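Here is a walk through one protein chain, taken step by step. Keep the structure open beside the text.

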Amino acid sequence: MKIIKRGIVYRAKEGPCRYQAWPTVCKDEKGVLYAAWSGHRASHVCPFGMDLMSVSLDGGESWDCPRIINDTWMDDRDAGLTYLGNGEMLLTYFHHPKTVYSNEWRSWILDDTKEDNAVFRKMLEGYLAAYDEMDDETETPGSFLKKSYDYGRSWGEAIKVPIFAPHGAVLTGSGRLLYLGKENSGALSRYRKLERSDDPTPEEDRNRIFLYESFDKGLSWEKVSRLPLPEGFEDKFYEPHVAELQSGELVAAIRSHDEVAYHNFSMHFLNSNDGGKSWSQPRTYEISGSPPHLLVRKDGSVIVSYGRREAPSSIRAVVSYDGCRSFGEEMVLSDAPDGDMGYPATVELEDGSLVTVYYQRYEKDIRTSIMYTKWRM
C-alpha cells in the first residue's frame with residue numbers, strides 16, 4: 001500500500017459548533033467526487049446537526065466549501081450518499097426523537113461541551129429544554145431520503161423510508177437499489193428506551209436487520225429479507241452495509257458489539273446467492289474495528305474500510321478476493337488521536353487509486369473534522 005496524500009475535506013476553525021462526523025463519499029461518471037456528512041454540531045449527540053456536502057474536481061485532493069442539504073429543527077444525522085447516474089443522487093439520513101434532548105441525555109450533551117464558552121452553554125441548555133414543548137408536527141423522528149437531479153445543486157422534499165444505515169443505499173448492476181439497515185425506529189435501537197410509545201415496529205422485528213429493495217430509484221421500498229442474527233443478541237448488531245459482487249452475489253457487513261464481537265467492537269459478514277432472499281450464517285472477523293463500508297473494485301476485489309476505536313486508534317482497510325470470506329493484512333490509512341473517529345467510506349478512481357473519507361480530530365482540535373486519505377494498493 002502507498003499513501004498518496006492526506007488532507008482535509010472540511011474543518012470548522014471557529015465557533016461552538018465545529019463537530020463534523022459520519023461521512024459517505026461517491027463518484028459520478030465524470031470522476032467528480034461528492035462527500036456528505038453531518039456537521040456544524042456542538043457534540044456527538046446534539047440537536048444542531050445539519051447534512052452538508054462538498055465536491056472535489058481533482059480526485060479528492062481539494063474540496064469546495066460545503067453546501068447545506070438539511071437543516072431542520074431536529075438533528076440531521078449521518079449522510080448516506082448514492083450516485084444513480086445522469087446527475088441523479090440520493091441522500092439518506094435520520095432524526096433522533098425529541099426525547100434524546102429532553103431527559104437523561106441532556107446532561108451528557110452539556111458535559112460534552114464543557115470546554116465551550118459559558119454563553120453558548122447557557123443557550124444550548126435552553127434549546128434542549130425547549131424540546132419538551134415540541135409538537136408532533138415539528139418533531140420528525142425516523143429515517144428519510146432526499147433526491148437530487150442536478151448533481152447535488154438542489155434537493156427535493158424529504159421522503160420517509162422504512163430503514164436506516166449510515167452509508168445508505170447501494171445501486172446494483174441491474175439498476176435495483178438495495179438498502180440494508182435497522183427497520184423503522186429500530187434504526188435508533190441504542191435509544192430504544194427513549195423512543196415514543198407508538199413505535200409501530202413489531203416486537204419480533206425490533207433490533208433486526210433487513211434488506212429492502214427499490215426499483216424506482218428510491219421513491220418506494222419493499223422488504224426482501226430479514227438477516228439471520230444470533231438469537232437473543234440482535235441488539236448487538238447495527239450500522240450494516242451491502243455490496244453486489246461482479247458475480248451477482250451479495251455480501252453484507254454488519255457492525256457488532258460486546259460479547260458477540262472481537263474485542264467488543266468488530267464486524268460480521270454474510271453472503272447471499274439469490275438476490276438477498278436468503279443469507280448465510282454470519283461470520284465474525286477477528287479484528288478490532290467498525291462500522292464497515294464495502295467497495296467493489298474494478299478487479300472484483302472488495303475493500304472493507306472501518307475505524308479502529310481502541311489504541312492505537314486509526315482508520316484502516318482490508319481487501320478480500322473471495323467475497324469477504326477471508327481478508328489480507330490490515331492497512332492503516334490514518335492514525336487518529338483518540339477513539340472519536342471513523343465511519344470511513346472509499347471510492348476508486350479511474351487510475352485505480354482510492355480515496356477514503358472519514359472523520360477524526362485534526363491535530364490538537366477539540367472537535368472533529370472530515371478528513372481524507374488518497375492511496376493505492
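Strands here are DSSP runs of E, at least two residues long, numbered from the N terminus. By that count, P312 lies in the loop between β20 (302–308) and β21 (314–320). The model is a predicted one. The peptide bond from A311 to P312 is cis. Its omega is near -5°. A cis bond also leads from S290 to P291, with omega near -15°. P291 sits in a strand, β19 (residues 290–296).

Turn now to the sheets. Strands of a sheet pair through backbone hydrogen bonds, either parallel or antiparallel. Strand β4 (residues 50–56) is joined to β5 by three bridges, and the two run antiparallel. L52 has I68 as its bridge partner in β5.

Next, a helix. In α1 (residues 105–112), the buried residues are W105, R106, I109 and L110. Why do they lie on the same side of α1? They cover an arc of only 135° around the axis, which puts them there together. The general rule behind this is simple. An α-helix has 3.6 residues a turn, so residues three or four places apart point the same way. The cover over the buried residues of α1 includes α2 (118–130).

Four strands form it in the order β15-β16-β17-β18, with antiparallel pairing. Here β15 and β18 (283–285) stand at the edges. Each of these has a single partner strand, so one side of each lacks a neighbour in the sheet. Neighbouring strands of this sheet are turned by 25° against each other on average, direction ignored. The pairing of β15 with β16 is antiparallel and runs over six bridges. Within it, V242 stands opposite A252 in β16.

Stay with β15, at residues 237–244. E239 lies in this strand. Its phi is near 50°, a positive value in a residue other than glycine. Is E239 buried or exposed? The cut-off for buried is under 20% relative accessible area. E239 has 8% relative accessibility, so it counts as buried.

A polar atom of its side chain lies 2.8 Å from the backbone nitrogen of G173. Not counting residues up to four places away in sequence, E244 touches T172, G173, E249, L250 and V296. How far is E244 from I159? The two are 85 residues apart in sequence and 25 Å apart in space, C-alpha to C-alpha.

E249 is found in the loop between β15 and β16 (250–257). This glutamate is buried, with a relative accessible area of 10%. Its side chain makes a polar contact of 3.1 Å with the side chain of N271. Neighbours within four places in sequence aside, E249 is in contact with A243, E244, N271, S272, N273 and R325.

One more residue has a phi of note. C324 is not a glycine, yet its phi is positive, at about 65°. C324 is found in the loop between β21 and β22 (331–335). It is buried, with a relative accessible area of 1%.

Conventions: Residues are numbered from 1 along each chain as its sequence is written. This is a predicted model: local features need pLDDT of at least 70, side-chain atom pairs count only at pLDDT 80 or more; totals for chains, interfaces and linings use all residues. Side-chain values use heavy atoms; hydrogens and water are left out. Buried means under 20% relative accessible area, exposed over 50%, partly exposed in between (1.4 Å probe, protein chains only). The arc is that of the directions from the helix axis to the C-beta atoms. Contact means heavy atoms within 4.5 Å. A polar contact is a pair of N or O atoms within 3.5 Å; within protein, one must be able to donate a hydrogen and the other to accept it, and residues adjacent in sequence count only if both atoms are side-chain atoms. Two strands pair if DSSP finds at least two bridges between them. Axes are lines fitted to C-alpha atoms, for helices over the stretch in contact, and angles run from 0 to 180 degrees between N-to-C directions.
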